[in-house]
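Subject: Structure handover: helix packing and aromatic pairs

Hello,

Here is the structure for you to look through. My notes on helix packing and aromatic rings follow below it.

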Amino acid sequence: MQNSVDAQWKRRRFSQFIAVAGLGCLNLNLGMNVQASIVKPEVGREYTVLSEVQSTGSSSKIEVIEFFAYYCHFCYGLEPTLAEWVKKQGDKINFKRIHVLNPGVETQQKLFFALDAIGKADELHNQIFDAYHVQRNRLMTDEQVRDFINKTSIDKAAFFSAYNSFTVKTKQGRSQRVMADYEVSSWPTLIVDGRFHTSPSMAGNEYGRPSEEQANQALLPVLDWLIAKAQKEKAGAGK
């Protein structure tokens, strides 16, 4: 059975990597010296504005959503930089993650939604990335997910109850609509205040062809600027 799973994974891996490349997550050129020093990001360049504003609830905090995928190399590369940035924001933002839908990796998305449902998604986030990108557990079958979960300390019964629940199935069924509403066609993508859409590849536009790390660093001042913009506009609306 493992041989058939491995063959299936190789076929899917090829199509997924082609999809990611086609979506243009990042264009790499390690030879450039780029500094993340954008003074004022330009709409249509470092960020775009969603056609329709999405609800962020009644919280006074600025909502920031990352659309990502566990199999995505660029999401994996961004994670340490983004996690440190989120930590520095403190109570300024309400940070969320949403795992994208992509053919062949539905089980990874199901894993995320189940962990999120029992409040363990953040706790195991890095472990899942490590399982896929370092330990080569592709998490593309229920058996591979079970093998991963059984090695953790979380409540297995609670996880598998959520994993097989109607709630998780419903969230998966709504994924295409959610991605369309937020105009997500590549990942990682960041949505600020339900209005502003940006990503490392967009943030790095000012510098031509930055390296992956340079593009990740270029994202941070863009996020800072968008959050400040959202805060200012919220404050103005309250007067």
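Start with helices α3 and α6: α3 passes α6 in a right-handed crossing. Bear in mind that this is a predicted model. α3 covers residues 106-117 and α6 covers residues 156-163. Their axes come within 8 Å and cross at roughly 125 degrees. That angle makes α3 oblique to α6.

Which residues make the contact? From α3 they are T107, K110, L111, A114, L115 and A117. From α6 they are F159, A162 and Y163. By class, the contact of α3 with α6 has 7 nonpolar residues, 1 polar and 1 charged.

Next, α2 and α4. α2 spans residues 73-89, and α4 spans residues 121-133. The axes of α2 and α4 come within 11 Å. They cross at roughly 135 degrees, so the two helices are oblique to each other. This crossing is left-handed. On the α2 side, the contact uses H73, C75, Y76 and E79. On the α4 side, it uses H125, N126, F129 and H133. The contact of α2 with α4 divides into 3 nonpolar, 4 polar and 1 charged residues.

Now the rings. The count comes to 12 aromatic pairs. One of them joins Y76 and F129. The ring centres of Y76 and F129 are 5.6 Å apart. Their planes stand at 45 degrees, so this pair is tilted. Y76 lies in α2 and F129 in α4, so the pair ties together parts that are 53 residues apart in sequence.

Are Y76 and F129 buried or partly exposed? Y76 is partly exposed, at 30% relative accessible area. F129 is buried, at 2%.

F160 and Y163 form another aromatic pair. This one is edge-to-face, with 85 degrees between the planes. Centre to centre, the distance is 6.3 Å. F160 and Y163 are 3 residues apart in helix α6, which means about one helical turn separates them. F160 counts as buried at 13% relative accessibility. Y163 counts as buried at 2%. Y163 is also one of the α6 residues in the contact with α3.

Last, the cluster. F68, Y70, Y76, F112, F113 and F129 form one aromatic cluster.

Best wishes

Definitions and conventions: Residues are numbered from 1 along each chain as its sequence is written. This is a predicted model: local features need pLDDT of at least 70, side-chain atom pairs count only at pLDDT 80 or more; totals for chains, interfaces and linings use all residues. Side-chain values use heavy atoms; hydrogens and water are left out. Axes are lines fitted to C-alpha atoms, for helices over the stretch in contact, and angles run from 0 to 180 degrees between N-to-C directions. Helices (H or I, at least four residues) and strands (E, at least two) are DSSP runs, numbered from the N terminus. Angles under 35 degrees count as roughly parallel, over 145 as roughly antiparallel, 65 to 115 as roughly perpendicular and the rest as oblique. A crossing is left-handed if the near helix is turned anticlockwise from the far one by less than a right angle, and right-handed if clockwise. Contact means heavy atoms within 4.5 Å. Ala, Val, Leu, Ile, Met, Phe, Trp, Tyr, Cys and Pro count as nonpolar, Asp, Glu, Lys and Arg as charged, and the others, Gly among them, as polar. Rings of Phe, Tyr and Trp (its six-membered ring) pair if their centres lie within 6.5 Å; planes under 30 degrees apart count as stacked, over 60 as edge-to-face and the rest as tilted. Buried means under 20% relative accessible area, exposed over 50%, partly exposed in between (1.4 Å probe, protein chains only).
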